[in-house]
Each structure stands twice: as C-alpha cells, then as structure tokens.
Amino acid sequence: MSRIQCERCLRPRSHCLCPSIPSLDSRTRVVLLQHPDEVRHALNTARLAALGLRNAQLRVGRCSKIWQS
Ligand SMILES: [Zn+2]
C-alpha cells in the first residue's frame, strides 16, 4: 500500500513541506541537475530548492541527455 503523496513536493501528504517552502527571487537563473535515481529519494532537496526559487529549473537526467529534455 503506497502513501498518498503531495503532487508538488512529492513527500507523503502527512509530511508535506509546501507551506514552508519560500518563494524567493533571484537575479541569477539557477539550473539544478538531478540524477534520475535521486528523484524518489526521501529528502529530494533538489526539488525543494527548485520550488523555493522563482528563477530555478530542475533538470533530471544523465550526463549529456539532461540538456536534451
Ligand atoms: Zn507538498
């Protein structure tokens, strides 16, 4: 049986961090590169960082393929 998950932060609903995630401006565009194996990691801090920075983008992939998606 799987737990119900928050669609935004991907944490279990009972541990959703969305209300605590800031919405920070940044003059610098931030691109976060995440290995596919880390997507389902319990902490998933790359996703949290991308959600907290307005000018950020999360790219998931391996090596050169990460830029082709
Ligand atoms: Zn959430």
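Is Ala-50 buried, exposed or partly exposed, and how many other C-beta atoms lie within 10 Å? Ala-50 is partly exposed, because 18 other C-beta atoms lie within 10 Å. Buried means 20 or more other C-beta atoms within 10 Å of a residue's own, exposed means 12 or fewer, and partly exposed lies in between, with C-beta atoms placed from the backbone.

This is a predicted model, in which local features need pLDDT of at least 70, side-chain atom pairs count only at pLDDT 80 or more, and totals for chains, interfaces and linings use all residues. Residues are numbered from 1 along each chain as its sequence is written.

**Overall fold**
- Helices (H or I, at least four residues) and strands (E, at least two) are DSSP runs, numbered from the N terminus.

**Burial and contacts across the chain**
- The protein chain has 69 residues, and 3% of them count as buried.
- Take the contacts between residues at least 6 apart in sequence: 54% join residues at least 24 apart.
- A contact means that two C-beta atoms, placed from the backbone, lie within 7 Å.

**Ala-50**
- Ala-50 sits in helix H1, which covers residues 45-52.
- Leaving out residues up to four places away in sequence, Ala-50 touches Leu-32, Ala-56, Gln-57 and Leu-58.
- Leu-32 is 18 residues from Ala-50 along the chain, and their C-alpha atoms are 7.2 Å apart.

**Pro-22**
- Pro-22 lies in the segment before strand E1 (30-34).
- Pro-22 is exposed, because it has 9 other C-beta atoms within 10 Å.
- Pro-22 and Ala-49 are 27 residues apart in sequence, with 9.3 Å between their C-alpha atoms.
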